[in-house]
Amino acid sequence: MQPRNMSMSGVVDLAAVKAAGEAKAKAEQARAESARQGGSGADAAAAGAVPPSALVIDVDEAGFERDVLQLSNEVPVVLDFWAEWCEPCKQLSPLLERLTVEAAGRVVLAKIDVDANQMLMQQFGIQGIPAVFAVVAGQVLPLFQGVVPEQQIRETLAQLVQVAEERFGLIGLQVDPGAEGAPAAAGAAAPPAGPYDALLEAAVVALDAGDLGGAVQAYKNVLADDPANMEAKLGLAQAELLSRVQHVNPQAVREAAAANPRDPQAQIAAADLDLVGGHVEDAFGRLVDTVRVTAGDERDAVRVRLLELFEVIGADDPRVSAARTALARVLF
């Protein structure tokens, strides 16, 4: 279970573009041809290979059709909508760049600065950043919004590559690892790890293993030394949310909330489920309404939970800003 929508179910709507069997045969043919032309760096260059640095590109409105729509007929293009002022973007973008290079030509990452490309932001209906989409054979697919664990992103990209190959015959670009911008060769000195990289990695490993308690503790260990660490704060909020809903009965929780609209604990439990299911506005609205009809310690408990859910989504998300305004109205 995850706090943000990373569903690939929308991909089925793209299947009609090409027959799956024909596309798969095309992909196999192209791969075989690529293998015959591959080999040394010189061979790869002659075959039109690109350096790894070319897999991550900056895109604007003027070049969108060429750099994204046309390119998506050769390789899935992942769109990263970001801004310089967006702190979560500074966590997600480097991760997307690294995973794109690791994919070795199976995907291309197109970075779009929303401040400089407001029209694209509006056309994609983006309500908050970071926001990530994919374009496959000219078809747009929403992937996820906000910062999510690395393993979930890996799984999403793997599904995207599979769909692009089997349903559209896209095998991606040929990459020349020896070209400028390639990662350091094996045995070269790695860049020094940050002071909390090991603890943050331990938290991600614990999340992937379903050890939510271990993930919570790992994030708390980071925050004990570095209370302002944004990655740890976001990770802790997500891990605690998942811990709370891990063993609940969703039907029972929702029935209790419907039967007791003024019960703060019932509404808090339902709001957790709303958020995990991707219904962000519903979760926020439910708790704002509960603050309105409660008082004293009960009201404070609801308010505190709402602030915790704000941490899960991120302060830069417009839905958080709107909910903060609504909360202020009912409190004051």
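Modeller: Let me begin with a term we shall need: a crossing of two helices is called left-handed if the near helix is turned anticlockwise from the far one by less than a right angle, and right-handed if it is turned clockwise. Please also keep in mind that this is a predicted model.

Biologist: Okay, which way do helix 7 and helix 8 cross, then?

Modeller: The crossing of helix 7 and helix 8 is left-handed. Helix 7 covers residues 197-208 and helix 8 covers residues 212-225, and they pack at an angle of about 165 degrees, with their axes 7 Å apart. Angles over 145 degrees count as roughly antiparallel, and helix 7 and helix 8 are therefore roughly antiparallel to each other.

Biologist: Which residues meet there?

Modeller: From helix 7 the residues are Leu199, Leu200, Ala202, Ala203, Val204, Ala206 and Leu207, and they meet Leu212, Gly214, Ala215, Ala218, Tyr219, Asn221 and Val222 of helix 8. Sorted by class, this contact has 12 nonpolar, two polar and no charged residues.

Biologist: And how does helix 8 pack with helix 9?

Modeller: Helix 8 packs with helix 9, residues 230-245, at an angle of about 155 degrees, and their axes are 9 Å apart. That angle makes helix 8 roughly antiparallel to helix 9, and the crossing of this pair is left-handed.

Biologist: What classes of residue make up that contact?

Modeller: The residues where helix 8 meets helix 9 divide into 10 nonpolar, two polar and four charged. Among those in the contact are Leu212, Tyr219 and Lys220 in helix 8, and Glu231, Lys233 and Leu236 in helix 9.

Biologist: Changing topic, how many disulfides are there?

Modeller: A search of the whole structure finds one disulfide, and it joins cysteine 86 to cysteine 89, with an S to S distance of 2.4 Å. In general, a disulfide is a covalent bond between the sulfur atoms of two cysteines.

Biologist: Why is this disulfide right-handed?

Modeller: The torsion about the S-S bond of cysteine 86 and cysteine 89 is about 80 degrees, so the disulfide is right-handed.

Biologist: Are those cysteines buried or exposed?

Modeller: Residues under 20% relative accessible area are called buried. Cysteine 86, at 0% relative accessibility, counts as buried, and cysteine 89, at 2%, counts as buried too.

Biologist: What about tryptophan 85, where does it lie?

Modeller: Tryptophan 85 lies in the loop between strand 2 (77-82) and helix 4 (87-102). With a relative accessible area of 44%, tryptophan 85 is partly exposed. Leaving aside its neighbours within four places in sequence, tryptophan 85 is in contact with Asp115, Ile129 and Asp316. Tryptophan 85 and aspartate 316 are 231 residues apart in sequence, and their C-alpha atoms are 8.9 Å apart in space.

Biologist: And valine 135, which residues does it touch?

Modeller: Not counting residues up to four places away in sequence, valine 135 touches Val68, Leu69, Ser72, Val75, Pro76, Val77, Leu79 and Val140. Valine 135 lies in strand 4, residues 131-136, and counts as buried at 0% relative accessibility. Valine 135 and leucine 69 are 66 residues apart in sequence and 7.1 Å apart in space, C-alpha to C-alpha.

Biologist: Last one, how many helices and strands does the protein have?

Modeller: There are 14 helices and five strands in the protein, and buried residues make up 44% of its 332 residues.

Definitions and conventions: Residues numbered from 1 in each chain as written. Predicted model: local features only at pLDDT ≥ 70, side-chain atom pairs only at ≥ 80, totals over all residues. Heavy atoms only, no water. Axes fitted to C-alpha atoms, helices over the stretch in contact; angles between N-to-C directions. Helix = DSSP H or I, 4+ residues; strand = E, 2+ residues; numbered from the N terminus. Parallel < 35°, antiparallel > 145°, perpendicular 65-115°, else oblique. Contact = heavy atoms within 4.5 Å. Nonpolar A, V, L, I, M, F, W, Y, C, P; charged D, E, K, R; others polar. Disulfide = S-S within 2.5 Å. Buried < 20%, exposed > 50% of the residue type's maximum accessible area, 1.4 Å probe, protein only.
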